[in-house]
Amino acid sequence: MAKPSDTIKIEGALDEEPKRASLVIFGRDLFQIPCFRTTFLYSISSYVGVSLLTFLFTSKPKMSSHVGFVSFMAVTFGYFTKCRTDLARERLQIGEVQKALLPKSENKLEETNRSVLDDA
């Protein structure tokens, strides 16, 4: 039977957060840019898939790599543009909702303050 003094304690093993990968170029972490990671995941997978399919149909490795690279660039620019546009639209809508709710919450706060002062 194990005694409490015989148990092994590993301090900080559960407290540590897993380290995230980072890619810093010109002092900026690229993984902190919204849409960057998903854009390149989709782009790389499109490159591999299109290149493989092109090679299977044509058996020309040079041509398949060129077609794959074109698909990589098209998916990169297309998806990044769409993602950033959607993100900007979402932020704009959040700002509009906050503007619409802010005066209402200020009016309720003023009414609450008046009722508290009137009761005193």
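Buried denotes a relative accessible area under 20%, exposed over 50% and partly exposed in between, with a 1.4 Å probe and protein chains only. By this criterion, 13% of the 120 residues in the chain are buried. The model is predicted: local features require pLDDT of at least 70, side-chain atom pairs count only at pLDDT 80 or more, and totals for chains, interfaces and linings use all residues. Residues are numbered from 1 along each chain as its sequence is written, and side-chain values use heavy atoms, with hydrogens and water left out.

**Figure 1. Overall arrangement of the chain.** The secondary structure consists of two helices and two strands, which follow the order β-β-α-α from the N terminus. Helices (H or I, at least four residues) and strands (E, at least two) are DSSP runs, numbered from the N terminus. Contact means heavy atoms within 4.5 Å; among contacts between residues at least 6 apart in sequence, 55% join residues at least 24 apart. The accessible surface of the chain is about 10,700 Å², and 63% of this area belongs to carbon and sulfur atoms. Accessible areas come from the Shrake-Rupley method with a 1.4 Å probe; for residues, only the protein chains shown count as cover.

**Figure 2. The disulfide of Cys35 and Cys83.** A disulfide is assigned to a pair of cysteine sulfur atoms within 2.5 Å, and the whole structure holds one. The sulfur atoms of Cys35 and Cys83 are 1.9 Å apart. The link connects distant parts of the chain: Cys35 belongs to the loop between strand S2 (28-29) and helix H1 (36-58), Cys83 to helix H2, and the two are 48 residues apart. The torsion about the S-S bond is -75°, and the link of Cys35 and Cys83 is left-handed. Both cysteines are buried; for Cys35 the relative accessible area is 13%.

Figure 3. Most residues other than glycine have a negative phi. Cys35, in the loop between S2 and H1, has a positive phi near 75°. Ser59, in the loop between H1 and H2, likewise has a positive phi, near 60°. Ser59 is exposed, at 53% relative accessible area, whereas Cys35 is buried.

**Figure 4. Surroundings of Ser71.** Ser71 is part of helix H2 (residues 61-119). With a relative accessible area of 13%, Ser71 counts as buried. Beyond its neighbours within four places in sequence, Ser71 is in contact with Ser46, Tyr47 and Val50.

**Figure 5. Nonpolar surface patch including Phe57.** Leu52, Leu53, Phe55, Leu56 and Phe57 make a nonpolar surface patch of about 580 Å². Patches consist of residues with over 30% relative accessible area and no salt bridge; like charges are joined within 9 Å, and nonpolar side chains (Val, Leu, Ile, Met, Phe, Trp, Tyr) within 5 Å. A salt bridge is a side-chain nitrogen of Lys or Arg within 4 Å of a carboxyl oxygen of Asp or Glu. Phe57 lies in helix H1 and is exposed, at 74% relative accessibility.

**Figure 6. Spans annotated as transmembrane region.** An unreviewed UniProt entry lists residues 40-57 and 63-81 under "transmembrane region". UniProt positions are given in the numbering used here, feature names are shortened, and annotations may be inferred rather than shown by experiment. In the model, residues 40-57 are 100% helix and 0% strand, with end C-alpha atoms 26 Å apart. Residues 63-81 are 100% helix and 0% strand, and their end C-alpha atoms lie 27 Å apart.
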